Amino acid sequence: MKRANVLRMFVVGWTTLVWVLLWGTFSIANILGGVVVSLVVMFVLPLPRVPVEGRVHVWSAMRLGVVIFGETIRSTINVAWLPIRPSPPPVTGVLRCRLTIKSDLVLTLWTDIMNNIPGTMVLEIDQVRRIMYVHVLDVGTDKAVADFYRSARLIERLLIRTFERESEWQASPWRSGTEELT
């Protein structure tokens, strides 16, 4: 069986399970209704293909998850301290971050991770040049700016180790745009 067909079957199964859970009753009618809805959504409203151009490395993914959890806790504590600390409000700003991530999928993952870490929000993405503009809640000191860049680079390195190792990288044949990223 082709990988694409296995993936389609997984999507139909997953969507059917969600449909049954939404209805709250496990019955033949709900299962059949879920399959019909899944197939209609899949074929009438198809999503564009997302090129997957590397392999997933489980140990690196686990380390990435631990680092994301740690960065989220650290940032949550820092953001919670800002309004109660005995000093003026924080200086906010937009910082530019150039990435070496090649895949649009991994670039999206980096953006989602950064948006979910308290105190940061990706405002603009220059997809071609791989430059991100990120609003950072506290840029009042050199240490705060350095902490942001340290965190952003660490997450970038771990995403590359997890999904884009150079030895396994193969550009997808249906990659959007054929320009080479530099």
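This is a predicted model: local features need pLDDT of at least 70, side-chain atom pairs count only at pLDDT 80 or more; totals for chains, interfaces and linings use all residues.
Residues are numbered from 1 along each chain as its sequence is written. Local features need pLDDT of at least 70, side-chain atom pairs count only at pLDDT 80 or more, totals for chains, interfaces and linings use all residues, and side-chain values use heavy atoms, with hydrogens and water left out.

I start with helix 1 (residues 3-23) and helix 2 (residues 28-44), whose axes come within 8 Å and cross at roughly 130°. Helices here are DSSP runs of H or I with at least four residues, numbered from the N terminus. Axes are lines fitted to C-alpha atoms over the stretch in contact, and angles run from 0 to 180 degrees between N-to-C directions. Helix 1 is therefore oblique to helix 2; angles under 35 degrees count as roughly parallel, over 145 as roughly antiparallel, 65 to 115 as roughly perpendicular and the rest as oblique. The residues in contact (heavy atoms within 4.5 Å) include Trp19 and Trp23 of helix 1 and Gly33 and Gly34 of helix 2. By class, this contact has 10 nonpolar, 6 polar and 1 charged residues. Ala, Val, Leu, Ile, Met, Phe, Trp, Tyr, Cys and Pro count as nonpolar, Asp, Glu, Lys and Arg as charged, and the others, Gly among them, as polar.

Next, helix 5. The axes of helix 3 and helix 5 come within 9 Å and cross at roughly 160°, which means that helix 3 is roughly antiparallel to helix 5. Among the residues that meet are Glu71 and Arg74 in helix 3 and Asp147 and Arg150 in helix 5. The classes in this contact are 7 nonpolar, 3 polar and 6 charged.

Helix 5 (residues 142-163) also packs with helix 4 (residues 104-116), at about 145° and with the axes 10 Å apart. The residues divide into 10 nonpolar, no polar and 1 charged.

Last, the second largest pocket, with a volume of about 460 Å³. A pocket is an open set of points on a 1 Å grid where a 1.4 Å probe fits, with protein on both sides within 12 Å along at least five of seven lines; lining residues have an atom within 4 Å of a point. Of its 22 lining residues, Arg74, Asn78, Asp138, Ala144 and Asp147 lie nearest the centre. Helix 3 (58-81) and helix 5 each supply at least two lining residues, and helix 3 gives the largest share, 6 residues.

Definitions and conventions. Grid points are joined across faces, edges and corners, and a volume is the space filled by probe spheres set on the points.
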